[in-house]
Amino acid sequence: MAAGASDVLELLGVSSAIMSAIETGLFAALLEQPGSAAAIARRLALEPRATERVLDVLAACGLARVEGEVYAAAPALVDAAERVPGGRDLLLTMWSHTPELLKRGEPFVRMDVERERHYSAHVSALGELFAYSADQLAAHIEDAPARVLDVGCGSGVWSLAIAERFPGTSVVGLDLPAVLAPFAARAKDKGLSDRIATLPGDMFEVEPPADFDLVIIANVLRLERRERARELVRRMSRAVRPGGSLLIVDALAHGTEEAERARAVYALHLALRTEAGGVHAPSEVRAWMNDAGLVELEAIALPAKVGALGALRGWKR
Ligand SMILES: C[S@@+](CC[C@H](N)C(=O)[O-])C[C@H]1O[C@@H](n2cnc3c(N)ncnc32)[C@H](O)[C@@H]1O
């Protein structure tokens with residue numbers, strides 16, 4: 001991204017404009033009501049000329065749009081503010097917490113500590129965010145799994161996309177009790193209520209039967225330290241029947257400048273909102289799968305840029 005000195009200047013300029021827009025309330029003002037730079041500056045008690053300069057940088061980056069003299073939030077910003085779990089606050093405020101994180105190591109929130117409370121509130125929005133990628137992943141599955149276990153299912157976006165594709169598929173959603181309501185709600189919306197069952201409990205304690213054609217662990221390993229993540233892969237591989245497969249969806253995209261940047265940014269995002277969450281190296285996740293007896297690992301690219309999302313599937317022979 002930063003190939004030379006001029007790139008460095010531009011990168012710093014863009015980040016400075018973005019961070020000041022968060023801190024001074026410019027983003028929030030744009031989202032609330034469009035206006036001229038002078039009017040927005042008046043609303044926020046800012047200096048008008050500087051406000052216009054920062055708004056122009058935001059517009060040049062695709063975060064604001066300008067028509068004549070009127071600035072408004074760009075559709076992508078409106079979309080992100082509405083769709084990102086936690087809404088506007090988590091989208092904007094959390095990033096301004098990075099200096100605190102640097103100085104004291106204190107995250108903005110601890111989603112991995114109070115999991116049930118946070119995830120019961122957020123997984124429906126996550127489901128919407130991942131829906132397109134989930135459909136793409138489902139389109140990649142050819143073997144029409146009859147029984148699917150979705151570990152830490154949240155909204156069930158990944159498994160239910162597979163159930164939508166194959167009329168013979170039924171899904172067991174494993175999650176903390178309060179998080180199973182959004183799973184049941186998504187299944188109902190999709191007319192799949194009669195093809196789901198729930199398994200409430202802690203994924204490190206419940207013992208699912210060992211007869212699943214497909215076990216999915218999507219966006220869950222990132223909440224665990226290395227040893228626990230590895231243990232979860234090992235535990236849940238036991239639920240795969242011989243001939244079945246385990247599918248991991250996580251921050252697994254890598255190898256291009258864009259993917260590496262997305263993983264690094266996502267790792268910082270996790271550091272801001274969890275105590276122990278982190279992005280695991282794709283090579284490590286592969287090794288855990290191999291150690292758990294899964295072979296013929298296949299990497300599946302996903303369209304979502306969010307969280308450097310990618311998938312890995314391995315078979316139990
Ligand atoms: C980031 S969300 C992912 C949800 C869904 N798989 C997806 O990709 O949209 C993590 C999920 O793991 C669940 N989870 C976290 N720790 C768990 C545990 N110890 N036992 C069961 N579920 C857990 C959370 O409740 C949440 O639904």
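Which element gives the largest share of the shell around the ligand?

Modeller: The largest share, 5 residues, comes from H8. This is a predicted model, in which local features need pLDDT of at least 70, side-chain atom pairs count only at pLDDT 80 or more, and totals for chains, interfaces and linings use all residues. Residues are numbered from 1 along each chain as its sequence is written, and side-chain values use heavy atoms, with hydrogens and water left out.

Around the ligand there are 20 residues, of which Gly152, Asp175, Met203, Ala218 and Asn219 come nearest; a residue counts as near if one of its heavy atoms lies within 4 Å. By class, the shell comprises 13 nonpolar, 4 polar and 3 charged residues, where Ala, Val, Leu, Ile, Met, Phe, Trp, Tyr, Cys and Pro count as nonpolar, Asp, Glu, Lys and Arg as charged, and the others, Gly among them, as polar.

Polar contacts, that is, pairs of N or O atoms within 3.5 Å, can be described individually. The side chain of Arg115 has an N or O atom 2.9 Å from a nitrogen atom of the ligand. For Asn219, a side-chain N or O atom is 2.8 Å from a ligand oxygen atom, while a polar backbone atom of Gly154 is 3.5 Å from an oxygen atom of the ligand. On its own the ligand has 580 Å² of accessible area (Shrake-Rupley method, 1.4 Å probe), and the protein covers 98% of that area. Two or more residues of the shell come from each of helix H8 (115-140) and helix H9 (157-165), helices being DSSP runs of H or I with at least four residues, numbered from the N terminus.

Technical notes: A polar contact is a pair of N or O atoms within 3.5 Å; within protein, one must be able to donate a hydrogen and the other to accept it, and residues adjacent in sequence count only if both atoms are side-chain atoms.
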